[in-house]
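Please look over the sequence and the 3D structure shown here.

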Amino acid sequence: NKKVDRGFIDGTGIGLYLRYLNRLKDSLEETFDAKYFFAALRPLEQLLTTTGVDFSYMADYVHPGHNRYPAGHATKFYEAADTALDTFKIESGDRVNLIYAAYVVAMGRSGILVHLPEDNIASGYLADLPEFNNWKAKK
């Protein structure tokens with residue numbers, strides 16, 4: 001058992017939030033480096049390019065100006081789960097449920113064609129979750 005300073009001494013919990021933000025900064029840097037390297041169009045942009053039809057109204061979607069792979073929002077969700085897992089004593093069954101919850105939230109953006117599932121899975125790898133260690137990025 002490793003002892004973790006949870007940052008709750010003053011009752012604010014700010015230490016936990018700051019730990020998450022510091023870890024997230026590193027993960028998002030990796031995410032956006034990969035977005036630049038892979039330069040993959042978002043599904044809605046790909047549909048517009050190939051069909052000439054704009055489907056963005058389906059998702060109330062505005063293109064953020066960067067590529068899809070890997071998914072930045074998914075990186076945030078997985079990093080939050082990873083920070084919680086490293087900070088609190090969480091039983092193995094609850095660990096699985098926490099990872100599943102982050103996965104489901106991340107995949108919701110695939111359902112509206114903002115991302116593909118592989119974008120979200122790659123983000124789990126970038127958040128250093130061991131469940132995603134076998135993920136290999138392919139161009």
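F38 and Y69 are both buried, where buried means under 20% relative accessible area, exposed over 50% and partly exposed in between, with a 1.4 Å probe and protein chains only. The model is predicted, so local features need pLDDT of at least 70 and side-chain atom pairs count only at pLDDT 80 or more, while totals for chains, interfaces and linings use all residues. Residues are numbered from 1 along each chain as its sequence is written, and side-chain values use heavy atoms, with hydrogens and water left out.

The count of aromatic pairs comes to three. Rings of Phe, Tyr and Trp (its six-membered ring) pair if their centres lie within 6.5 Å; planes under 30 degrees apart count as stacked, over 60 as edge-to-face and the rest as tilted. F38 and Y69 form an edge-to-face pair, at 4.9 Å centre to centre and 85° between the planes. F38 lies in helix α1 and Y69 in the loop between α2 (43-51) and α3, so this pair ties together parts that are 31 residues apart in sequence. Helices here are DSSP runs of H or I with at least four residues, strands are runs of E with at least two, and both are numbered from the N terminus. Ring pairs also link F37, F38 and Y69 into a cluster.

The rings of Y78 and F132 have centres 5.0 Å apart and planes at 55°, so they make a tilted pair. Because Y78 lies in helix α3 and F132 in the segment after α5, the pair ties together parts that are 54 residues apart in sequence. Y78 is buried, with a relative accessible area of 0%, and F132 also counts as buried, at 10% relative accessibility.

Y78 and F132 belong to the largest nonpolar core, which has 11 residues in all, including A71, A74, L85, I99 and L129. A nonpolar core is a set of buried Ala, Val, Leu, Ile, Met, Phe, Trp, Tyr and Cys residues joined through side-chain atoms within 4.5 Å. Helices α3 (72-87) and α4 (92-111) each supply at least two residues of this core, and the largest share, four residues, comes from α3. Apart from this core lies another, of five residues, among them A34, F38, A40 and Y69.

What does I99 touch, not counting residues up to four places away in sequence? I99 touches Y78, A81, L85, L129, E131 and F132, where contact means heavy atoms within 4.5 Å.

E131 also takes part in a salt bridge with R95, the closest N and O atoms being 2.7 Å apart. R95 lies in helix α4 and E131 in the segment after α5 (117-126), so the pair ties together parts that are 36 residues apart in sequence. Both are partly exposed, R95 at 23% and E131 at 41% relative accessible area.

The structure holds six salt bridges, each a side-chain nitrogen of Lys or Arg within 4 Å of a carboxyl oxygen of Asp or Glu. R23 forms one with D82, with the closest N and O atoms 2.5 Å apart. R23 lies in helix α1 and D82 in helix α3, so this bridge ties together parts that are 59 residues apart in sequence. D82 counts as buried, at 7% relative accessibility. The side chains of R23 and D86 also meet in a salt bridge (2.8 Å, N to O), and D86 is partly exposed, with a relative accessible area of 29%.
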